[in-house]
Each structure stands twice: as C-alpha cells, then as structure tokens.
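Hello,

Here is the structure I promised to hand over. My notes follow below it.

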Amino acid sequence: MILFSAFEVKAARVEKKNFHDVSCQPRLRAQIERPMPSPPLTMPSPPLILASTSPFRRELLGRLGLPFTTANPAVDESPLPGEGPEASALRLAEAKARAVAGEHCEALIIGSDQVACLDGQVFGKPGNHANAVRQLQAMRGRRVTFFTAVCLLDARSGRAHLRSVPTVVTFRELADAEIENYLRTEQPYNCAGSAKSEGLGIALIARIDGEDPNALIGLPLIALCDLLRSENVAVV
C-alpha cells in the first residue's frame with residue numbers, strides 16, 4: 001500500500017488545477033486578441049448651408065433631418081430689365097448661394113427664390129402695406145403662377161445645380177375688408193405676391209395646383225432632394 005502525505009496530495013491537486021488553467025489560456029488569449037472587424041469607411045459629407053434668413057425655409061429644410069446652418073446672402077432682389085419671372089427666380093437663387101460661398105468654401109450651399117407672375121407682370125416682395133394691398137387687389141379672382149427656384153452650389157468646384165418649380169394659385173374673389181384684415185394680421189411684406197400660404201394666407205386661396213406643396217411656402221423639397229442626391233448626399 002502506498003501512502004501519500006497531505007502535502008503531496010495538495011500539491012498534486014494544485015498541479016492538476018494549473019494544468020487545466022494553462023490548457024485554457026491559449027483559447028482565451030485567441031479570443032481576446034482576435035481583431036475586431038473594421039467599420040466601413042465613409043467619406044465625410046461637406047457642410048450644408050442654407051443661404052437664407054427666412055424662418056419658413058429653415059423650417060422646411062429642417063424636415064429632411066440633415067444638419068445645416070444658415071447664412072445671410074444679402075442680395076439685391078430687384079429684377080433685371082426685360083427679365084422674365086422664372087429667369088429672375090433662377091438667377092436670384094444662384095446669386096444667393098454664391099453670395100455666401102466665400103465664407104463657406106468647403107460647403108454645399110442652398111439658395112432659393114420665389115417670384116409671382118400674373119399676365120406677364122412680376123410680383124415680388126411687396127415691402128410695405130400699400131404695395132401688398134395693390135398686389136392682392138390685382139390677384140383676387142385670378143390664377144397666379146409662383147415660380148420657386150432652388151440652387152445647390154458646390155462651393156469647392158463652383159458647380160451649381162438649378163431647378164424651378166411652378167405652382168398655380170387661384171385666388172378667391174377677395175373683399176377689400178378681407179385683404180385689410182389679412183394684411184394687418186399676417187404682415188406678409190416679405191413674401192412674394194403677399195401670399196403667406198403657410199399662415200392665414202391659405203384663407204385667400206381657392207385652389208393650388210403644383211408638383212410640390214412645399215414650393216409655395218418657399219423651398220421645393222422634392223427638387224432639392226434630387227439635387228442633393230446628385231451630389232451624393234443621402235437624404236434617407
């Protein structure tokens with residue numbers, strides 16, 4: 001019969017335990033040291049700038065969920081001699097974008113402008129109450145076309161994408177009192193044709209025909225999404 005001391009038994013148990021620990025270490029180390037898969041490489045998107053101080057355009061662009069900042073283009077919006085309404089809107093949309101490009105030379109810049117037209121007469125921003133009264137009196141009971149232009153400018157290359165979206169608005173036969181009440185309430189003196197459709201101005205309108213309901217408010221989002229995709233900006 002072979003006798004083992006308590007010390008020898010204990011040592012054997014320790015050696016057995018250590019044997020199992022050592023055999024597990026390489027597997028554990030392999031799990032720890034296995035390299036993690038690298039995330040897909042993505043190119044950083046250029047900054048997005050809205051060349052406008054309009055709170056309505058800012059709210060519309062915010063619906064896309066893209067980060068952006070605003071800049072004041074400070075552009076003279078007077079039409080050029082002999083310039084048509086759509087051409088004027090397109091020119092001013094691009095001019096607004098280019099006006100801030102010097103301060104944002106790595107950005108994609110959005111410019112937008114709107115001009116109303118009735119029988120060849122251009123209706124821009126009235127600027128004051130008396131002009132707004134004259135505009136709405138001329139447009140009541142009539143069909144007026146609003147040209148809303150949008151420009152997406154790549155300030156790095158100078159390349160500009162342009163789009164114009166027309167919207168035909170049929171105004172109700174408005175009483176002078178309705179015009180006066182509307183203007184005193186909304187004061188839409190910075191809106192083309194004095195038509196603030198996102199507010200009380202909707203009560204002046206009998207019908208709206210157009211491809212993008214946002215265009216009349218001031219920024220055609222459907223067209224803008226197309227332009228952003230052309231610059232590889234994922235909207236969705």
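Helix 4 and helix 5 cross with a right-handed sense (right-handed if the near helix is turned clockwise from the far one by less than a right angle, left-handed if anticlockwise). Helices are DSSP runs of H or I with at least four residues, strands are runs of E with at least two, and both are numbered from the N terminus.

This is a predicted model: local features need pLDDT of at least 70, side-chain atom pairs count only at pLDDT 80 or more, and totals for chains, interfaces and linings use all residues. Residues are numbered from 1 along each chain as its sequence is written, and side-chain values use heavy atoms, with hydrogens and water left out.

On helix 4, the contact (heavy atoms within 4.5 Å) uses His129, Ala132, Val133, Leu136 and Gln137. Helix 5 brings Asp176, Ile179, Glu180, Tyr182, Leu183 and Arg184.

The largest nonpolar core contains 21 residues. Such a core is a set of buried Ala, Val, Leu, Ile, Met, Phe, Trp, Tyr and Cys residues joined through side-chain atoms within 4.5 Å; buried means under 20% relative accessible area, with a 1.4 Å probe and protein chains only. Leu61, Leu64, Ile110, Val150, Leu219, Leu224 and Leu228 have the most contacts inside it. At least two residues each come from strand 1, helix 2, strand 3, strand 5 and helix 6. Helix 6 gives the most, six residues.

Leu228 touches Leu48, Leu64, Leu66, Leu152, Val233 and Val235, leaving aside residues up to four places away in sequence. Another core lies apart, with 20 residues, including Leu136, Met139, Tyr182 and Tyr189.

Best wishes

How values were computed: Buried means under 20% relative accessible area, exposed over 50%, partly exposed in between (1.4 Å probe, protein chains only).
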